Amino acid sequence: MQKKVILKKGKEESLLRFHPWIFSGAIASIEGNPDEGDVVDVYTCQGQWIACGHIQVGSIAVRVLSFVQRPIDMDFWMERLGVAFALRSTLGLTGRTDHNIYRLVHGEGDNLPGLVIDVYGRTAVMQAHSVGMHCQRMDIAKALEKVLAGSIDSIYYKSETTLPFKADIDRGNGYLKGGPNPDDIPLEYGMRMPVDWISGQKTGLFIDQRENRALLEHYSKGRNVLNMFCYTGGFSLAALRGGANLVHSVDSSARAIELTEGGVADNFPGDTRHKAFAVDAFKYLDGMESIYDLIILDPPAFAKHKDALKHALIGYRRLNQKAFEKIRPGGLLFTFSCSQVVTKDQFRMAVFTAAAQAGRKVSILYQLHQPADHPINIFHPEGEYLKGLVLSVE
Ligand code: SAH
């Protein structure tokens, strides 16, 4: 029996505008007894086929894979991954000797809701955020091997923490193809990046800050740089290459500090300009001297859900206020929010309040965002999450 979802009257409206999610409240009935993660066909209450997608328990009940009637088979995966790869090639991110890190698939932004694929040198790291993508991981990996033929040797699957914890599935991480290769060095614009996809955060690196790190490099000459929430130290490496006078990196995770120090030693052996501290960011800001004239604030998402929005905005305000109080006159502040529920305007207002409370004169030099290999599906504005400001502080 066909696995079907039938919508309530009028609930096809967002699908007609190609929004890729169907909320559980829009569903009138489910037929054919689908298992969680199955591909289902979606019909209007008049019996008209409108989409197909992965079904899941939860508020987002279906993630749409196609708005035209077609099987979700190897050809489908090959086609979608092929389009994603062509875009990264257009962006100039592929086929280079000085650079081999990029996001190949960014979920809804690449019309593959629930799937992330990052490429690090000759390894692709695949991450499922939906049960459906998890169930089809082997097909996706096969298609990936073909689409990236010759340019990767290994595929690592890492979804242990990104799948709904209640789902009844075997969720082990591991290599689907190949294995570790110590000679394969991930490079970001010529920099050797420390990437630990096995035990690191996300897929191993915050690729989404690539262009912002490049911008920072341009402004770091002769400056005393503080990189707060450094993780693997990407901004610190950029500042060192840009000619910073000194660079201090701070993260509460000891493992992150270890990776940062490894990256500095690897790229700048014997360089004494860098120091790293495994401490809480707020404590560091409270205790530090006013020696910095370039500060980066790139905290983890303060709000993961709408309910946490108010607290998150207070958090951004407090954090930025501390930086405004201590940054030297003529300083530059690179400040970010990666909380999807916090809008650009809300973030800007929190930073505005922080500047006012610290009593500093501040101008906006740049408004930053996620890079082009993290595209935003125009029909799914929820995909916009990273925002940043570069501020000059008098
Ligand atoms: N800027 C980084 C990414 C930052 S991710 C890059 O370009 O790669 C956020 C980091 O904040 C994580 O590494 C996490 O360990 C760290 N973190 C979370 N809470 C913290 C806190 N209270 N103090 C310091 N670091 C913290």
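Let's start at one residue, Lys202. Its relative accessibility is 53%, so Lys202 counts as exposed. The cut-off for exposed is over 50%. Keep in mind that this is a predicted model. Lys202 is found in the loop between β13 and α5. Its phi is positive, about 50 degrees, although Lys202 is not a glycine. Why mention that? Most residues other than glycine have a negative phi.

There is another residue of this kind. Phe18 is not a glycine, yet its phi is positive, about 60 degrees. Phe18 sits in the loop between α1 (13-16) and β2 (21-23). At 39% relative accessibility, Phe18 counts as partly exposed. Phe18 also belongs to a cluster: ring pairs link it with Phe67 and Phe379.

That brings us to aromatics. How many aromatic pairs does a search of the whole structure find? The count is 12. Take Tyr120 and Trp197. Their ring centres are 5.9 Å apart and their planes are at 15 degrees, so this pair is stacked. Planes under 30 degrees apart count as stacked. Now look at where the partners come from. Tyr120 lies in strand β8 (residues 115-120), and Trp197 lies in the loop between β13 (191-192) and α5. The pair therefore ties together parts that are 77 residues apart in sequence. Buried or exposed, these two, Tyr120 and Trp197? Both are buried. Remember that loop: Lys202 is found in the loop between β13 and α5 as well.

Next, Tyr43. You will find Tyr43 in strand β4 (residues 39-43). Its relative accessibility is 12%, so Tyr43 counts as buried. What sits over its ring? The charged end of Lys4 does, 4.7 Å from the centre of the Tyr43 ring. Along the chain, Tyr43 and Lys4 are 39 residues apart, while their C-alpha atoms are separated by 7.3 Å. Set aside residues up to four places away in sequence, and Tyr43 touches Gln2, Lys4, Val5, Ile6, Leu7, Gln48, Trp49 and Ile50.

Helix α3 covers residues 131-135, and His134 lies in it. With a relative accessible area of 2%, His134 is buried. Who are its contacts, leaving aside neighbours within four places in sequence? They are Ala128, Tyr157, Leu163, Ile169, Asp170 and Arg171.

Helix α4 spans residues 137-147. Its buried residues are Arg137, Ile140, Ala141, Ala143, Leu144 and Val147. Seen down the axis of α4, these buried residues fall within an arc of 165 degrees, so they line one face of the helix. Here is the background. An α-helix has 3.6 residues a turn, so residues three or four places apart point the same way.

Let's walk across part of it. Strand β15 (residues 246-250) pairs with β16 in the parallel sense, over 4 bridges. There, Val250 stands opposite Phe277 in β16. Then comes β14 with β17: these run parallel and are joined by 4 bridges. Leu226 has Ile295 as its bridge partner in β17. β17 also pairs with β18, again in the parallel sense, over 4 bridges. In that pairing, Ile295 stands opposite Leu333 in β18.

Stay on β17 for a moment. Leu294 and Ile296 point one way from the strand, and Ile295 and Leu297 point the other way. All are buried.

Last, the helices packed against these strands.

Note on methods. Residues are numbered from 1 along each chain as its sequence is written. This is a predicted model: local features need pLDDT of at least 70, side-chain atom pairs count only at pLDDT 80 or more; totals for chains, interfaces and linings use all residues. Side-chain values use heavy atoms; hydrogens and water are left out. Two strands pair if DSSP finds at least two bridges between them. Helices (H or I, at least four residues) and strands (E, at least two) are DSSP runs, numbered from the N terminus. Rings of Phe, Tyr and Trp (its six-membered ring) pair if their centres lie within 6.5 Å; planes under 30 degrees apart count as stacked, over 60 as edge-to-face and the rest as tilted. Buried means under 20% relative accessible area, exposed over 50%, partly exposed in between (1.4 Å probe, protein chains only). A charge sits over a ring if NZ of Lys or CZ of Arg is within 6 Å of the ring centre and within 35 degrees of the ring normal. The arc is that of the directions from the helix axis to the C-beta atoms. Contact means heavy atoms within 4.5 Å.
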